[in-house]
Amino acid sequence: MTRNRVAIVCGYDIHSDLRDYVRRFVPFLSRCDLVILSGGCTSSVSEESEAQALSVLVDHPNVILEEQSMTTLDNILFSRRMAEERGAVTHYVVICDRVHSAKVLVLSAILLRVHFTVRAVRRRVPLRVMLFEPISIVAEAFAAVFPVFRSALRRAAMRLKGVTARSGRSARRVTA
């Protein structure tokens with residue numbers, strides 16, 4: 001089945017104000033054929049994935065969850081794979097917050113083989129995240145270009161987030 005426009009929504013900390021984030025990005029979903037909510041289990045105190053936390057707030061006729069991601073690089077790689085498994089994609093709309101928008105733009109330019117648009121919305125982000133973002137941009141862009149470093153980046157991200165490897169969670173369809 002052809003999916004002309006696919007939205008990739010980058011998930012964030014499930015302990016933050018996701019309702020406000022969703023309220024800000026929902027207008028970008030109306031012209032998308034498929035919405036992929038992307039984000040793994042990044043909380044050290046909850047088994048809920050970022051994608052799952054977003055899913056209860058997003059109303060779209062065709063939503064799937066990508067629950068393996070630990071980094072923005074993972075968000076784009078894993079979501080792209082899921083989208084392409086479901087058919088040809090002519091345009092990606094990658095949704096993130098403003099703090100991560102430079103990294104999302106760089107990674108999208110490296111990884112997405114079709115046209116893409118980055119839509120960044122305001123979201124409260126801790127100062128430590130803002131200060132770490134330049135390092136994260138370099139590290140994730142490097143791993144995007146040199147795939148051999150992706151597993152090390154993923155392990156480092158998990159350590160920083162205080163999470164351990166969990167049993168594999170499969171991609172689940174929220175709505176048909």
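A residue is called buried when its relative accessible area is under 20%, exposed when it is over 50%, and partly exposed in between (1.4 Å probe, protein chains only). By this rule Phe25 is buried, because its relative accessible area is 0%. The structure is a predicted model, in which local features need pLDDT of at least 70 and side-chain atom pairs count only at pLDDT 80 or more, while totals for chains, interfaces and linings use all residues. Residues are numbered from 1 along each chain as its sequence is written, and side-chain values use heavy atoms, with hydrogens and water left out.

We may turn to the aromatic residues. Rings of Phe, Tyr and Trp (its six-membered ring) pair if their centres lie within 6.5 Å; planes under 30 degrees apart count as stacked, over 60 as edge-to-face and the rest as tilted. The count comes to 4 aromatic pairs. In one of them, the rings of Tyr12 and Tyr21 have centres 5.2 Å apart and planes at 70°, so the pair is edge-to-face. Tyr12 is buried, with a relative accessible area of 7%, and Tyr21 is buried as well, at 0%. Tyr21 also pairs with Phe25: the ring centres are 5.0 Å apart and the planes stand at 75°, so this pair too is edge-to-face. Both Tyr21 and Phe25 belong to helix H1 (residues 18-25), where they are 4 residues apart, about one turn of the helix. Helices (H or I, at least four residues) and strands (E, at least two) are DSSP runs, numbered from the N terminus. Together, Tyr12, Tyr21 and Phe25 make up one aromatic cluster. Arg123 lies over the face of Tyr12, at 4.0 Å from the ring centre; for such a placement, NZ of Lys or CZ of Arg must be within 6 Å of the ring centre and within 35 degrees of the ring normal.

Helix packing comes next. Axes are lines fitted to C-alpha atoms, for helices over the stretch in contact, and angles run from 0 to 180 degrees between N-to-C directions. Helix H3 (residues 72-85) packs with helix H6 (residues 150-161) at an angle of about 125°, with the axes 10 Å apart. H3 and H6 are therefore oblique to each other, given that angles under 35 degrees count as roughly parallel, over 145 as roughly antiparallel, 65 to 115 as roughly perpendicular and the rest as oblique. In this contact (heavy atoms within 4.5 Å), Leu73, Asp74, Leu77 and Phe78 of H3 meet Arg150, Leu153 and Arg154 of H6. The residues of the contact divide into 4 nonpolar, no polar and 3 charged, where Ala, Val, Leu, Ile, Met, Phe, Trp, Tyr, Cys and Pro count as nonpolar, Asp, Glu, Lys and Arg as charged, and the others, Gly among them, as polar. Asp74, placed in helix H3, counts as buried at 6% relative accessibility. Not counting residues up to four places away in sequence, Asp74 touches Gln68, Ser69, Ser79 and Arg154.

The axes of H5 and H6 come within 9 Å and cross at roughly 150°; H5 and H6 are therefore roughly antiparallel to each other. Here Phe132, Ala139, Glu140, Ala143 and Ala144 in H5 meet Arg150, Leu153 and Leu160 in H6.
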